[in-house]
Amino acid sequence: MAYTMHIDPDINCVFFKHYGPISVDEFVKSFSDILEHPDYRAGMNILRDNSDQQFPADISFEAIAASSKRVKEQDSGLGDCKWASVVGDAQSYSKVHQYITSGRLSENPIERRVFREMEKAREWLGIPVDYEIKYPDPEETT
């Protein structure tokens, strides 16, 4: 698994820290990890930190739209929430923005936005400035 996850019910947020190569299959699997976690409650916000990854330039819009359809089936289980993705470069921003745009043509309970700055994502989600995200070590999540 190329990510670690932390859920904080008091902050009403699921936190992901991604590392290593980007994999659509792992992205889809992360939905199952959320829904199966004992601390998760429908309607929690989601913060994905992809700032240390670069989305491959060769990912086509068609591939993004296809993965969006796979994920849309799982979105209803997450309920009404906000989803912030933080990326580290302009190319990744463009790819995530394409993904978000491809999902806007259908009804969806999740409001998604992509950010280049963690502080702005945290502010949008209502996470206190002094809150420290406590990710488990990657070895603990495998």
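**Sheet architecture and aromatic contacts**

In the predicted model, helix 4 (residues 118-125) lies across strand 2 (13-18), strand 3 (45-50), strand 4 and strand 5, and its direction makes an angle of about 175° with strand 4. The chain holds four helices and five strands, which follow one another from the N terminus in the order β-β-α-β-α-β-α-β-α. Of the 142 residues in the chain, 46% are buried. Among contacts between residues at least 6 apart in sequence, 79% join residues at least 24 apart.

The five strands form an open sheet of mixed pairing, in the order 1-2-3-4-5. Strand 1 (3-8) and strand 5 (110-115) stand at the edges; each has a single partner strand, so one side of each is left without a neighbour in the sheet. On average, neighbouring strands of this sheet are turned by 15° against each other, direction ignored. Strands of a sheet pair through backbone hydrogen bonds, in either a parallel or an antiparallel sense. Here, strand 2 and strand 3 pair in the parallel sense over five bridges, with N45 of strand 3 as the bridge partner of C13. The pairing of strand 3 with strand 4 is likewise parallel and comprises five bridges; within it, L47 stands opposite A84 of strand 4. Strand 4 (residues 81-87) pairs in the parallel sense with strand 5 over six bridges, and A84 stands opposite R113 of strand 5.

Strand 3 is mostly covered, with six of its six residues buried. From this strand, N45, L47 and D49 point one way, whereas I46, R48 and N50 point the other way, and all are buried. The charged end of R48 sits over the ring of F16, at 4.2 Å from its centre.

A search of the whole structure finds four aromatic pairs. One of them is formed by F31 and W83, which are tilted, with 5.4 Å centre to centre and 35° between the planes. F31 lies in helix 1 and W83 in strand 4, so the pair ties together parts that are 52 residues apart in sequence. Both F31 and W83 are buried. A further tilted pair joins F115 and W124, at 5.7 Å centre to centre and with 45° between the planes; F115 and W124 are buried as well. W83 is also involved in a contact with a charged residue: R112 lies over its face, at 4.5 Å from the ring centre.

H37 is found in the loop between helix 1 (24-36) and strand 3. Residues up to four places away in sequence aside, H37 touches M5 and I7. H37 and I7 are 30 residues apart in sequence, while their C-alpha atoms are 8.4 Å apart in space. The side chain of H37 also reaches the backbone nitrogen of D39, at 3.0 Å.

Conventions. Residues numbered from 1 in each chain as written. Predicted model: local features only at pLDDT ≥ 70, side-chain atom pairs only at ≥ 80, totals over all residues. Heavy atoms only, no water. Pairing = 2+ DSSP bridges. Helix = DSSP H or I, 4+ residues; strand = E, 2+ residues; numbered from the N terminus. Axes fitted to C-alpha atoms, helices over the stretch in contact; angles between N-to-C directions. Contact = heavy atoms within 4.5 Å. Polar contact = N/O pair within 3.5 Å; in protein donor to acceptor, adjacent residues only side chain to side chain. Phe/Tyr/Trp six-rings, centres within 6.5 Å; stacked < 30°, edge-to-face > 60°. Buried < 20%, exposed > 50% of the residue type's maximum accessible area, 1.4 Å probe, protein only. Lys NZ or Arg CZ within 6 Å of the ring centre and 35° of its normal.
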